[in-house]
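Please view the sequence and the model together before reading on.

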Amino acid sequence: MFCASLAVLLLCCTICYSAVDQCGETHETYSNWLHEENTCSDSQDIGDFGSSLIKDIYTSVKKAECDLANPSDYPPHYSPREGEEFDFIIVGSGSAGAVIANRLSELSEWNILLLEAGGNPTKTTEIPGVYMALSKSELDWQYQTDQYEDNCLGMINNSCNMPRGKVLGGTSAINANIYVRGNWRDFDSWAAVGNEGWDYENVLKYFKKSENIKAKEVLKTSNYQNYHGENGF
């Protein structure tokens, strides 16, 4: 019963404030609607618990919305000038491309161009629970797997969706914010067959260099600095 009542209150809050535009801008219809219906207006008892609760929830949600995918968190678009030359041109601003561009930029005399077909991440990309909504969206290249006899047998034409990110951050931006490193055995096996410097102990310092860990659960552990970095990008 309480959940149902709270849902009704939230719905009322949503209706009352639906005319308020993103991050604080107000439509002209907002005040008219309140005056005409005389509902959910500021004339309600300021000490009413339910009214205060709804306003607090709404304020928190709006603040969180403005913080999600804030354009100021991403680099501005750049249009190369006619005849401009670059030392490096990196195609694709996914997990690898963005890190490579950042590492190369540590030498200020180098001119680097990072190309990305998509735009900035959207608010949905920062909500892990709804990441499936990004599949087949404009942030997805919408690839399909080829037909094979033993694959995707429950799918139309034996073809599965293969989501690939068409957005700043690449597929990492549409993958529920999951950050996974490769298995240490893979790195060590590469080094064992002659790829010097690719063993896990050696590449770990670069993982740490590029990481800016924020997970409170990890930061509480006593040895997190052995495996995670705090000053990366």
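How many residues does helix H3 have, and how far does helix H3 reach from its first C-alpha to its last? Helix H3, residues 49-67, has 19 residues and reaches 27 Å, close to the 27 Å expected at 1.5 Å a residue (1.5 Å times one less than the number of residues). Helices are DSSP runs of H or I with at least four residues, numbered from the N terminus.

This is a predicted model, in which local features need pLDDT of at least 70 and side-chain atom pairs count only at pLDDT 80 or more, while totals for chains, interfaces and linings use all residues. Residues are numbered from 1 along each chain as its sequence is written, and side-chain values use heavy atoms, without hydrogens and water.

**Faces of H3**
- Gly50, Ser51, Ile54, Tyr58 and Lys62 are the buried residues of H3 (buried: under 20% relative accessible area; exposed: over 50%; partly exposed: in between; 1.4 Å probe, protein chains only).
- Seen down the axis of H3, these buried residues fall within an arc of 100°, so they line one face of the helix; the arc is that of the directions from the helix axis to the C-beta atoms.
- The face turned away from the buried side carries the exposed residues Phe49, Asp56 and Lys63.

**Ends of H3**
- At the start of H3, a side-chain oxygen of aspartate 48 comes to within 3.3 Å of the backbone nitrogen of glycine 50.
- Aspartate 67 lies in H3 and, at 42% relative accessibility, counts as partly exposed.
- Alanine 69, with a positive phi near 50°, follows H3.

Conventions:
Helix = DSSP H or I, 4+ residues; strand = E, 2+ residues; numbered from the N terminus. Polar contact = N/O pair within 3.5 Å; in protein donor to acceptor, adjacent residues only side chain to side chain.
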